[in-house]
Amino acid sequence: WYLNDDLTANLIGAFFVGFLYALNFSYRFKLIFILGFCGSLTSFSSWMVNSVMMIREGQIFEAFLISLNMILMGIILVYLGYLTGKRLCR
């Protein structure tokens with residue numbers, strides 16, 4: 001399944017976004033690392049290309065489920081990363 005790498009990279013990136021956001025660093029530091037590091041780690045564009053390829057192959061429902069799954073899991077992992085970061089900053 002060709003979306004496994006995208007899913008892994010996006011979910012790891014989502015966790016790090018939440019984690020870095022929770023740390024007690026300057027806005028500039030957060031901006032650089034959240035947009036720079038996490039932005040380069042995640043693979044939104046390849047996720048979109050793979051989704052379009054699935055739709056072209058007639059796998060519309062599967063593409064929708066993968067997208068929904070990635071969004072929901074991403075939100076959960078950002079929150080878990082945030083909680084982890086807050087606990088480490090105590």
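Trainee: Which helix is Phe-16 found in?

Mentor: Phe-16 sits in helix H1; helices here are DSSP runs (H or I, at least four residues), numbered from the N terminus. This is a predicted model, where local features need pLDDT of at least 70, side-chain atom pairs count only at pLDDT 80 or more, and totals for chains, interfaces and linings use all residues. Residues are numbered from 1 along each chain as its sequence is written, and side-chain values use heavy atoms, with hydrogens and water left out.

Trainee: Is Phe-16 buried or partly exposed?

Mentor: Partly exposed, because its relative accessibility is 32%. Buried means under 20% relative accessible area, exposed over 50%, and partly exposed in between (1.4 Å probe, protein chains only).

Trainee: Which residues make the nonpolar surface patch?

Mentor: Ile-12, Phe-16, Ile-32, Phe-33 and Phe-37 make a patch of about 440 Å². Patch residues have over 30% relative accessible area and no salt bridge, and nonpolar side chains are joined within 5 Å. A salt bridge is a side-chain nitrogen of Lys or Arg within 4 Å of a carboxyl oxygen of Asp or Glu.

Trainee: Which elements give two or more residues to it?

Mentor: Helix H1 (4-22) and helix H2 (27-41). H2 gives the largest share, 3 residues.

Trainee: New topic. How many disulfides are there in the whole structure?

Mentor: The search finds 0, a disulfide being a pair of cysteine sulfur atoms within 2.5 Å.

Trainee: Which of them is buried, and which is partly exposed?

Mentor: Cys-38 is buried, at 2% relative accessible area. Cys-89 is partly exposed, at 29%.

Terms used
Patches are made of residues with over 30% relative accessible area and no salt bridge: like charges are joined within 9 Å, nonpolar side chains (Val, Leu, Ile, Met, Phe, Trp, Tyr) within 5 Å. Accessible areas come from the Shrake-Rupley method with a 1.4 Å probe; for residues, only the protein chains shown count as cover.
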